[in-house]
2 protein chains.
Amino acid sequence: MLDVCLLGTGGTMPLKNRWLTALYCRLNGSSLLIDCGEGTQIAIKENQFTFKPIDVLCITHFHADHISGLPGLLLSMGNEGRTEPLTIIGPKGVSYIVNSLRVIAQELPFEIKFIELTQNIETIQIKDYNITAFKVRHTTITYGYTLQVNRLGKFDADKAKALNIPVRFWNPLQKGNSICDGDVVYEPSMVMGPARRGLKLTYCTDSRPVDIITKQAADCDLFICEGMYGEQDKTDTAREKGHMTMVEAASIAASAKPQPAQLWLTHYSPSLYNPEEYQKLVRAVFDKAYVCRDGKQTVLRFIDE
Amino acid sequence: MLDVCLLGTGGTMPLKNRWLTALYCRLNGSSLLIDCGEGTQIAIKENQFTFKPIDVLCITHFHADHISGLPGLLLSMGNEGRTEPLTIIGPKGVSYIVNSLRVIAQELPFEIKFIELTQNIETIQIKDYNITAFKVRHTTITYGYTLQVNRLGKFDADKAKALNIPVRFWNPLQKGNSICDGDVVYEPSMVMGPARRGLKLTYCTDSRPVDIITKQAADCDLFICEGMYGEQDKTDTAREKGHMTMVEAASIAASAKPQPAQLWLTHYSPSLYNPEEYQKLVRAVFDKAYVCRDGKQTVLRFIDE
């Protein structure tokens, strides 16, 4: 299961009662954070999560509202006793940006590893996270991220018995390991069924609507997307600023095949005082859309988990 | 009159309901900010102040909790339409630190002027602020700041009449300007009484107790000082970390001659859940001490204003 928490729903600047948009995920004791604006570390604590298990930080782009909280977060991770390396993924130049910001966070008890994205689509496997970074269209180079959690097939105990595989090998085979027992080799494929449906989450902010987002959002358990403006007459403003309206985001979800199970909207303009008033409007376009508030959480589970 | 607001009272990291320590002052339409940690811009808004009039930013030192909010603040000042230059005062290296942090806030509609402190004591006059920066003792180079607002003497109308000074020159003379009227020169000293008591505020965090703080705190209308720990058994910890306890801060106020009119304590360790429980203890040392909460405000007024 994958714990998911939308830490904030703001764009441009943090507001009282509206943190900047960022996502905290937790899987098998490892946490992954997408973006880290000013105040994100407070939002993490507010939602009862911790800094120490954050193994991966994905940065969408280098606008301040998506990365300004980084020095404080790094120091707080150190204060919580992290010593294991942290991997930071971001557009080309992410190491330069992070190292510049670290002028006020120089001494950390852990190493930072960087993965700089240069392609339109890249896939990265870290721990149990299968990460796909995909380039979107904003006013600066920006990536969306899809997280997938794979799931192995079912173990067939009857088959294992029929093949006389000793019980002590069942567990390693279930975990995908091959076993050599003298001259005999046991392969997982001998006892494991076909891979089962895993979990898929796609996160996209900031961007205009582009095809790659629709493709990534397809068949998602959860699609999280910016909806900078609710007002229909702000479509031109959204276009000029490289953002999208809530209705444009809902249209992406509606046109994805298969459609995502849920859409969470986020990254509201500071001028948008009451985003929820557009809930009805976006539901008319995609009925599983949620105009989120800070701290919205869910647990994504495997189908029969 | 000088409006004063202690925006936050936290040290080390921002917490829910406890912003990092920073001070917002307002005088004759111009604002001055001391320190700018993560979240300071939210605290400014929360207290109904604005970013645009901030003419001066004084940085005590380069630990993240005192400067990490800077890129966000600069961008928000720009978004509010500031075009006038901003002066940033701080220890030597402040331009390097600020410019490094500006990697995510490169395009601003206003210029930044830097004043880099190199002496143990320096005085700077900007607008109506007389600023004294004084070096204190922390784990890195750190300055405290005294703000003074001078007050001219009283205008003596009887004297002006007796000297036959035309009424149209009274106002410029009151403002300290000399007037040439043909061959006749009128000087302010001809009609102005001796300078009257102005306003004085001293701000110090982070530091061990040192003599210069006591000297600066003398005769203050308001002395704001760190009190990182309330517990008496934390004096050694405070010494090791270059901080002071609340009682140490109160002792400074008590030994200043003349004593400051008020002491506000701030910059509490995140481990200090309820700073107010030490109010009695510090009052036993200095009876005009306040263990402050975020957003504590006052207006300092001239004696007969």
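The exercises below, each with a worked solution, concern a predicted model.

**Exercise 1. The interface**

Task: Describe the interface of chain A and chain B by its contacts, its buried area and the residues on the side of chain A.

Solution. 
Step 1. Begin with the contacts: 29 residues of chain A touch 29 residues of chain B.
Step 2. Turn to the area. The two chains bury about 2200 Å² between them, and 73% of this lies on carbon and sulfur atoms.
Step 3. Glu38(A), Ile42(A) and Ile104(A) supply 28% of the area that chain A buries against chain B, more than any other three residues.
Step 4. Helix 1 (40-46), helix 2 (70-79) and helix 3 (94-101) of chain A are the elements that give two or more residues to the side touching chain B.
Step 5. Sort that side of chain A by residue type: 15 residues are nonpolar, 11 polar and 3 charged.
Step 6. Look for pairs across the interface. The rule finds 0 salt bridges there, and 4 residue pairs in polar contact.

**Exercise 2. The nonpolar core**

Task: Which residues touch the most other members of the largest nonpolar core?

Solution. 
Step 1. The largest nonpolar core has 68 residues.
Step 2. Within this core, Leu33(A), Ile44(A), Leu33(B) and Ile44(B) touch the most other members.
Step 3. Take Leu33(B) as the example. Beyond its neighbours within four places in sequence, Leu33(B) contacts residues including Leu7(B), Leu23(B), Ile44(B), Ile54(B), Val56(B), Leu57(B) and Leu73(B). Tyr24(B), Thr40(B) and Cys58(B) are also among the contacts of Leu33(B).
Step 4. As background, nonpolar side chains in soluble globular proteins tend to be buried together.

**Exercise 3. Salt bridges**

Solution. 
Step 1. The total over all chains is 23 salt bridges. Side chains of opposite charge can pair when their charged atoms come close.
Step 2. Arg293(A) and Glu276(A) form a salt bridge at 2.4 Å, N to O. Arg293(A) is in the loop between strand 15 and strand 16 (296-300) of chain A, and Glu276(A) is in the loop between strand 14 and helix 9, 17 residues apart.
Step 3. Arg293(A) has a relative accessible area of 58%, so Arg293(A) is exposed. Glu276(A), at 28%, is partly exposed.
Step 4. Glu248(B) and Arg208(B) form a salt bridge at 3.0 Å, N to O. Glu248(B) belongs to helix 8 (residues 246-255) of chain B, and Arg208(B) to the loop between strand 12 (196-204) and helix 6 (211-217), 40 residues apart. Both Glu248(B) and Arg208(B) are buried.
Step 5. Arg239(B) and Asp236(B) form a salt bridge at 2.9 Å, N to O. Both are in helix 7 (residues 235-241) of chain B, 3 residues apart, about one turn of the helix.
Step 6. Arg239(B) is partly exposed at 48% relative accessibility, and Asp236(B) is partly exposed at 48%.
Step 7. A network of salt bridges links Asp55(B), Arg82(B), Glu84(B) and Lys127(B).

**Exercise 4. One arginine**

Task: Is Arg151(B) buried or exposed?

Solution. 
Step 1. Arg151(B) is located in strand 9 (residues 143-151) of chain B.
Step 2. The cut-off for buried is under 20% relative accessible area. Arg151(B) has 17%, so Arg151(B) is buried.
Step 3. Leaving out residues up to four places away in sequence, Arg151(B) touches Ala195(B), Arg196(B), Arg197(B), Gly198(B), Phe302(B), Ile303(B) and Asp304(B).

Conventions. Residues are numbered from 1 along each chain as its sequence is written. Chains are lettered from A and ligands numbered from 1 in the order in which they are written. This is a predicted model: local features need pLDDT of at least 70, side-chain atom pairs count only at pLDDT 80 or more; totals for chains, interfaces and linings use all residues. Side-chain values use heavy atoms; hydrogens and water are left out. A nonpolar core is a set of buried Ala, Val, Leu, Ile, Met, Phe, Trp, Tyr and Cys residues joined through side-chain atoms within 4.5 Å. Buried means under 20% relative accessible area, exposed over 50%, partly exposed in between (1.4 Å probe, protein chains only). Contact means heavy atoms within 4.5 Å. Buried area is the accessible area (1.4 Å probe) that two parts lose on being put together, summed over both. A salt bridge is a side-chain nitrogen of Lys or Arg within 4 Å of a carboxyl oxygen of Asp or Glu. A polar contact is a pair of N or O atoms within 3.5 Å; within protein, one must be able to donate a hydrogen and the other to accept it, and residues adjacent in sequence count only if both atoms are side-chain atoms. Helices (H or I, at least four residues) and strands (E, at least two) are DSSP runs, numbered from the N terminus. Ala, Val, Leu, Ile, Met, Phe, Trp, Tyr, Cys and Pro count as nonpolar, Asp, Glu, Lys and Arg as charged, and the others, Gly among them, as polar.
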